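Open the model in your viewer and keep the selection tool ready.

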Amino acid sequence: MALKLNASNFQYPKCASFALPPVATIRSPKFFMASTLRSGSKEVDTVKKPFSPPREVHVQVTHSMPPQKIEIFKAMEDWAENNILVHLKPVEKCWQPQDFLPDPASDGFYDQVKELRERAREIPDDYFVVLVGDMITEEALPTYQTMLNTLDGVRDETGASPTSWAIWTRAWTAEENRHGDLLNKYLYLSGRVDMKQIEKTIQYLIGSGMDPRTENNPYLGFIYTSFQERATFISHGNTARLAREHGDLKLAQICGTIASDEKRHETAYTKIVEKLFEIDPDGTVLAFADMMRKKISMPAHLMYDGHDDNLFDHFSAVAQRLGVYTARDYADILEHLVGRWKVENLTGLSAEGQKAQDYVCGLPPRIRRLEERAQGRARAKEVPRIPFSWIYDREVQL
Amino acid sequence: MASLTASSLSFSSVSCSFKPNQVSNLRKASLSFSGKGFPSHRMPALRFRVACAAKPETVNKVVEIVKKQLALPEDRDVNGESKFATLGADSLDTVEIVMGLEEEFGISVEEESAQSITTVQEAADMIEKLLEKK
């Protein structure tokens, strides 16, 4: 196995990320995030730089897939053309952000904006914190396209490569791009949030990037994206539901439309992994267990706004409390994928493969039990209100 | 006739690490005596700085729970010095071990304490400390 260790920092996390979250973020699924480091706490003594966003703390592993497996993906290109690209929507049939926003060319523009702002006034701050966090995540799209193009065997070699994989990646990026644009414009018009702080957060986040620990390995990469697409589908679906409850049907439509894109993407990625299970069940189940052991880290876990060193924890605590995205959802997604890929029924596995199979199949109930325990404790604890710069330092209950 | 009554004894076990073959049963104690028929004079309270071990039964129980959680064979040597990580425990296993200890001993472990436990001995010592507080 060709392993090039590209360790930018040799810090091992002291606290295992399955440790129960600290009081302030007792509700957040923190234990599902990759460990992060602030630049003040290296072994080598450095003065803590001001405005230092978090960095990944794990050793960054590269090219963990044996090179001969690249062939598998070359051989899959025709299959991908016929089975994966079909999940893209032709541009002419696609919605665009303008479809859901006040029309600047119309005489009614000012009224439409006024109505949008009136509806937004009825929506509480905690909802906006979560919507902003989601929007920031979507706006960090350059990181995700980059991540897809780190994967061996499927990367877009030139930026305009004609392979099915490259076509998929570019078109997927193009579809996703509308999500951030739409949410950005909505939030801008709403008047409820501090756009400059949000924009700053986005700049920091894209600058930070992320390492989901997919190691240039498309097995790991597509398992990761399968999980993530389902997570965003659930998350946007919940913000849609909550928007409706707060009386903003247009916002509900916005979130719901984004969610339906995510569902289509989930279908595509899970199909790829399903095919990999067919072709190489042992390798794929090992990859699945590996990703779950490392934990699926959230794409925006390095988010920073220049003020809050625990911004992601705080954001995800609110998302947990509002039921937008919870530790339960994490367990549910895992369980869904185990079923979708029929992991229990895999046969002909190596000894290692069987261990991986057992691990993955047994994991959802363990996570649920952990979550119940954390929630039980959370109820007993005083949960603080903390300010968010995204809403002019107004406070929100975690 | 002098009679010695240990009228107050306070024990507290102190979390510590020790060498495995050291048997130390020193406990932090303050003793006061009062003699009948003698002018009562109190001896100065004696305090011993203590190195103390959790009871062997506690350590054994922890070993049992750890072996079960990690599906280790019965004959595998696990003792106070054993580190969870070396035994193959990942972070999820460690939390579940702590949960198992909570159930077994009827205690509740704070998150901060749970995060600091890395060996069987540390777990046993923490358990006894929590049991005494009850």
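Which helix of chain A holds A:Phe312 and A:Phe315, and what separates them? Select helix α11 (residues 311-321) of chain A: the two are three residues apart there, and so about one helical turn separates them. Helices here are DSSP runs of H or I with at least four residues, strands are E runs of at least two, and both are numbered from the N terminus.

This is a predicted model, in which local features need pLDDT of at least 70, side-chain atom pairs count only at pLDDT 80 or more, and totals for chains, interfaces and linings use all residues. Residues are numbered from 1 along each chain as its sequence is written, chains are lettered from A and ligands numbered from 1 in the order written, and side-chain values use heavy atoms, without hydrogens and water.

A:Phe312 and A:Phe315 pair edge-to-face, 5.9 Å centre to centre with 65° between the planes. (Rings of Phe, Tyr and Trp, the last by its six-membered ring, pair if their centres lie within 6.5 Å; planes under 30 degrees apart are stacked, over 60 edge-to-face, the rest tilted.)

A:Trp390 lies in the loop between β5 (385-388) and β6 (394-397) of chain A, so the pair ties together parts 75 residues apart in sequence. A:Trp390 has 0% relative accessibility and counts as buried (under 20% relative accessible area, 1.4 Å probe, protein chains only).

Next, select A:Arg293 and A:Tyr359. The charged end of A:Arg293 sits over the ring of A:Tyr359, 3.8 Å from its centre (CZ of Arg or NZ of Lys within 6 Å of the ring centre and within 35 degrees of the ring normal).

Definitions and conventions: Buried < 20%, exposed > 50% of the residue type's maximum accessible area, 1.4 Å probe, protein only.
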